[in-house]
Amino acid sequence: MTEDQTGTMEAGGEYSRHSLAQHSAGGLGLPLLGRAVAGVAPGVAALPAGVPVFVGDFGAAGGRNELTPMATTVEGLRSGGIRAPIVVVHTDIATNDFTTLFKTVEESPDTYLRTPDVFAFAAGRSFYERIFPRASVLLGWSAIAVHWLSRVPEPITDHVYSAFATGSVRDAFARQSAADWDAFLTARAAELRPGGQAVVVGGMALDDGTSGAEALMTALNSAVHALVASGSITEAESRAMNVPTWNRTMADFIRPFEPDGTATVAGLALLEHAAAEVPDQYLLAYRADGDKQAFASAVTGFLRAFTEPSLFGTLDRSALERRRAADAVYRSVEYTLATDPERYETVWKVALLRFAKAEDAPSG
Ligand SMILES: C[S@@+](CC[C@H](N)C(=O)[O-])C[C@H]1O[C@@H](n2cnc3c(N)ncnc32)[C@H](O)[C@@H]1O
């Protein structure tokens, strides 16, 4: 897998079709986004007529889950009396499914694009780098994306999921995560206008390092190891198969903002932060209808959409062989999940963060 494939979601609209959990998680950030919009509106009112304002969406995937936050932003600005043209820029890594993104934003009945003088652009560049000109972004939004690291720092040899990394490998993930979070915030600190604000809904871990997905990811890991046992892939190939994510604790998230002189990122103030849990929508549906197979199929679709590219992209095999290996793994996961849905309940933890660039920050 090349570095720029790190974190890619399944293409062809698959991620959008299987991202109910992320949709629920992102929804938890909407109240913060509403407050961010209200917070920036007075500053925009002072801009000369016709000067556009930029809204940055960081980690847009196929766009389905971006429609509500961007509509919230557009409606909030307009109802706050802001008449300026609004440019929404959806950003993601270059290998993202931008075709689905553009179609979703153009064609969805829920699109924010029907509002006059609102425009949608996209940028294919990592959010760990600068994407926008200095002091140009009024509002930023990022949901369920910053747990994707810029790279796998070291392979986790016996598991696909970083929560199970131990010793020096665990330390390497923690260091990579801290460096990536600093890079993300440093880039946003440069890009935000003075007084601009951003909201991040970040996949979080509890202080013991657990994210809530341990049972599910262990089912995935067992299926990968079963493939080794069957001789379909080699032990060495399985060792390179990692999902390049790391869920930060709340302490990790807020450390760069520390006001006591230890801040690692200058020019940003943390306005609010809270932890929340994302109820398992798939399990709630199962409890209502008792359909184990429907639960297993929905959760496997969700899991496959965010893990297949990073796990199977590492296999130096033909596309057909990779597809067959992936089919076998996810079939096995689906079978396992259907045996006992309650055991695979996945209650993700999220950090809800709102931060601002100081009004008097230098913009040059
Ligand atoms: C789980 S999806 C979440 C998408 C969407 N915001 C949502 O709420 O459903 C994570 C997205 O982050 C993107 N991503 C991962 N690493 C990234 C990076 N370094 N820069 C920009 N986007 C990244 C992935 O490509 C993916 O589209």
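What follows is a chat about a predicted model, its sheet, its aromatic pairs and one of its helices.

Trainee: Let's start with the sheet. How many strands form it, and in what order?

Mentor: Remember that we're looking at a predicted model. The open sheet is formed by 7 strands, ordered β3-β2-β1-β4-β5-β7-β6, and their pairing is mixed.

Trainee: Which strands stand at the edges?

Mentor: Those are β3 and β6. Each has a single partner strand, so one side of each is left without a neighbour in the sheet.

Trainee: And what does the twist average from one strand to the next?

Mentor: It averages 15°.

Trainee: How many bridges join β1 to β4?

Mentor: There are 4 bridges between them, and the two strands run parallel. In that pairing, Val55 stands opposite Leu139 in β4.

Trainee: Which strands does helix α3 lie across?

Mentor: Helix α3, residues 30-45, lies across β1, β4, β5, β6 and β7. The angle between α3 and β5 is about 175°.

Trainee: Switching to aromatics. How many aromatic pairs are there?

Mentor: The structure holds 17 aromatic pairs. Take Phe127 and Phe184: their ring centres are 5.3 Å apart and their planes are at 80°, so this pair is edge-to-face.

Trainee: Where in the chain do those two come from?

Mentor: From distant parts of it. Phe127 is in the loop between β3 and β4, while Phe184 belongs to helix α6, and 57 residues separate them.

Trainee: Is Phe127 buried or exposed? And Phe184, buried or exposed?

Mentor: Phe127 is buried, at 10% relative accessible area. Phe184 is buried too, with a value of 1%.

Trainee: What sits over the ring of Phe184?

Mentor: That's the charged end of Arg188, 4.8 Å from the ring centre.

Trainee: Which of its residues are buried?

Mentor: Ala325, Ala326, Val329, Tyr330, Val333, Leu337 and Ala338. As background, an α-helix has 3.6 residues a turn, so residues three or four places apart point the same way.

Trainee: And what covers the buried residues of α12?

Mentor: The cover includes α7, residues 214-229, and α11, residues 292-312.

Methods:
Residues numbered from 1 in each chain as written. Predicted model: local features only at pLDDT ≥ 70, side-chain atom pairs only at ≥ 80, totals over all residues. Heavy atoms only, no water. Buried < 20%, exposed > 50% of the residue type's maximum accessible area, 1.4 Å probe, protein only. Contact = heavy atoms within 4.5 Å. Phe/Tyr/Trp six-rings, centres within 6.5 Å; stacked < 30°, edge-to-face > 60°. Lys NZ or Arg CZ within 6 Å of the ring centre and 35° of its normal. Pairing = 2+ DSSP bridges. Axes fitted to C-alpha atoms, helices over the stretch in contact; angles between N-to-C directions.
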